[in-house]
Amino acid sequence: MSEAPLSGRTLLPRLWNDKDIRSVVIQIIATVFIFGFLAYLVRNAFINLEALGKGFSYTFLWQQSSYDINQHFIEYSSRSSHFRAMLVGILNTLLVAVCGIVLSTIVGFVLGILRLSKNWLTNKLAYTYIEYVRNVPVLLHILLVHGIIVNSLPVPKQAINLNDGAFLTNRGFFVPKPTYEPLFWGVIAVFVAGLAFLLWFRKYARRVQDETGKHYPVFWVGLGAIIGAPLFAYFLLGSPITWDVPILQRFNFKGGLVVRPEFMALWLALSFYTASFIGEIVRAGITAVNYGQTEAARALGLSRGRTLSLVVIPQALRIIVPPLTSQYLNLTKNSSLAIAIGYMDIVATIGGISLNQTGREMECMIIVLLLYLVLSLLISATMNWYNNRIKLVER
Amino acid sequence: MTEMAGTPYKPGEHPDLPPPANTIGPIAWIRQNLLSSPSNIVMTAVSIWLLYTIIPPVLDWMFFDAAFTGANRNECRARVGGACWAFINERFSLFTYGFYPIQERWRVDLSFILLVAALIPVLYDGLPLRKFGLYFSASFPLLAGWLLLGGLGLEPVETDKFGGFMLTFVIGVTGIAFSLPIGILLALGRQSELPIIRIFCVVFIEFMRGVPLITLLFVASIMLNYFLPKGITFDLLLRVLIMVTLFASAYMAEVIRGGLQAITRGQIEAADVLGLKYWQSMRLVVLPQALKISIPGIVNTFIGLYKDTTLVIIIGLLDPLGIGRSSLADTKWTGLSTEVYLFVAVFFFISCFGMARYSLYLENKLQTEHSR
């Protein structure tokens, strides 16, 4: 066998049957093919851009944008640059993503717990709600909520008056705007001190418990330190916040803080949509913890609450966190649907109006895609860090 | 005590007593499930109060106070205070077929009937001659494509006439049919021992999962022409179909990778020992087990894709939501957004809930381990 001549007819099959050589060949072919294809696309793009006389440059970012954005956290006007419009868009996306993540987590955990309720009626109500919300497209929820706000809420003249300072209208939700006096820094200082104290106290309580078995009520002490103490300081310093209450002018409210209908619709729809998924994740996570764990904790004499907080929840979190991460990512990506109702996020600013005004499709879309990739990576990294912290420590 | 120790028990002497009355029947059920503890009673009360405040007004609005006929919005609103379904009534064919030519609509109906016929052998395995049924299912996309697009003896119809529920079905079914095989290939590529193949698959999957579908649709609608040689252009619907399929297949790949990782190394080694080649061992040993585990995830991805078809309205295709939105611009019917969106929501709910239920049924059927 080994003396068989290496003629052309047997060489090829032989090389093909050698696993190492074959894998190298396959990879070389794949690389050549894929890079060739990409090079072809890029070449076409250059030729086409050349033909249109556009070139590829980002100088347009410093031209005047000439459009208005009604919700901006940094100074912005129609005379600002496209770059600044992009920054406003990024901030708006971040705002709705962060607010959405907070609200959807709260609502989601409540739904998950209701789904575990022994009460048949509550359980089925939560089930119906979850099934309805998650089987309907999120875009539809956004449009529905927006439609209800714009079409069904009253005009500012007949605003729904909540508590003489907050008004619900179809132009948005008007609330008093806080203006901080210098003394307010004192309250913030107390809050920071309380937070530092809480962190130290948690460590200390853990050490004492490890050494002596004595238990401190960390939760209540913490609550006092970060909420009670600042509240006390606030009243002690003579309430150093003045409220700028919105006042009805001829057509609209003036002053105060306005939460616009677009933001409200996007925020509520995204949060409640994502919450229905989080609810199911929480329920699955908690039911996945073996019931023996609860029984063992009860047998050790832990109270019901401590069984939950020390035994069940830490184990459930390990199951909950990875799918929760992907829900947060989904929420952030779904915030791009803002464009359907005219909320000015990344897609609507740089990928929408700026793109149409300057005709720089390629450059604008590359920015938008990169921004979302970075955002996704950041959220993944944060949640992975948290997941590693709570992970089961194995040998 | 004395009795037990005393007289011996004779079989049949003491007939079985019925269970205590307070542990069976509806009353016991209510006591156990609704009123077992003070907190439980409070929850029941709150739930009933919620139902009482929500259900009657909603029912009134949707049915009892609603207008089902009327020529325009004001006529609707003048008579009753509830929903105005007359609008949906008037536009129903638009919602179903979009702008598909009226005399050719039988082709859409026929494709839909064939779709149902093609789904039966796929979804239900107790059929006689199922094998031939599956051949028919496999050829369905071609057949439907011919029916809807025309050509070869049928009047050609441009894809910009597609719309309504029909468009949802076209995008949804195409995406579902093609994203599964592509997803399987991507998942295998990501698990491959060949580093370069693995890197390509990882980059593709992570890129697709990292950006929103809407930006990809923008790319498809405004940028794709730049990447093609001059003069060559293809249909917007086709571009959307490709993007939606690629997007869904990246998610599909991750779901299937989860299933692949759950298969123990021993299975692959056993297949190697039996002399199976790579593709044989994947097809006969690994994938059947991996796909079975990933069924819930796969169906969830299908549902996600199906719901995502609504996003095409943002680049100007007219799915039911798009039809509804453009109809709302008609001055005869302004301000009826709630009715339109609820109508479309019901359609999506029925489709997606149905898929989820089927997935549960399939999971139970394929469950070969002993249930606990």
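Modeller: Start with H4(A) and H8(A). Their axes come within 9 Å and cross at roughly 125 degrees. Axes are lines fitted to C-alpha atoms, for helices over the stretch in contact, and angles run from 0 to 180 degrees between N-to-C directions. Helices (H or I, at least four residues) and strands (E, at least two) are DSSP runs, numbered from the N terminus.

Biologist: Before we go on, what am I looking at, and how is it labelled?

Modeller: This is a predicted model: local features need pLDDT of at least 70, side-chain atom pairs count only at pLDDT 80 or more, and totals for chains, interfaces and linings use all residues. Residues are numbered from 1 along each chain as its sequence is written, while chains are lettered from A and ligands numbered from 1 in the order in which they are written.

Biologist: OK. How are H4(A) and H8(A) set to each other?

Modeller: They are oblique. Angles under 35 degrees count as roughly parallel, over 145 as roughly antiparallel, 65 to 115 as roughly perpendicular and the rest as oblique.

Biologist: Is the crossing of H4(A) and H8(A) left-handed or right-handed?

Modeller: Left-handed. That means the near helix is turned anticlockwise from the far one by less than a right angle; clockwise is right-handed.

Biologist: Which residues make the contact?

Modeller: H4(A) brings Ile130(A), Val133(A) and Arg134(A). Among those from H8(A) are Phe272(A), Tyr273(A) and Phe277(A). Contact means C-beta atoms, placed from the backbone, within 7 Å. By class there are 5 nonpolar, 2 polar and 2 charged residues. Ala, Val, Leu, Ile, Met, Phe, Trp, Tyr, Cys and Pro count as nonpolar, Asp, Glu, Lys and Arg as charged, and the others, Gly among them, as polar.

Biologist: What about H6(A) and H7(A)?

Modeller: H6(A) spans residues 184-212 and H7(A) spans 218-236. Their axes come within 8 Å and cross at roughly 165 degrees. That makes the two roughly antiparallel. H6(A) passes H7(A) in a right-handed crossing. The contact includes Phe191(A) and Leu198(A) of H6(A), and Ile226(A) and Pro230(A) of H7(A). Its residues divide into 16 nonpolar, 3 polar and 1 charged.

Biologist: Where else does Leu217(B) turn up?

Modeller: In the largest nonpolar core, which has 136 residues. Leu217(B) is among those with the most contacts inside it, along with Leu140(A), Ile142(A) and Leu266(A). H8(A) gives the largest share, 14 residues. A nonpolar core is a set of buried Ala, Val, Leu, Ile, Met, Phe, Trp, Tyr and Cys residues joined through C-beta atoms within 7 Å. Buried means 20 or more other C-beta atoms within 10 Å of a residue's own, exposed means 12 or fewer, and partly exposed is in between, with C-beta atoms placed from the backbone.

Biologist: New topic. Is Gly55(A) buried or exposed?

Modeller: Gly55(A) is exposed, because it has 10 C-beta neighbours inside 10 Å. Gly55(A) lies in the loop between H2 and H3 of chain A.

Biologist: Last one: how many residues does each chain put into the contact between A and B?

Modeller: Chain A gives 48 residues and chain B gives 42. On the side of chain A, H2(A) gives the most, with 13 residues.

Note on methods
Two residues are in contact if their C-beta atoms, placed from the backbone, lie within 7 Å.
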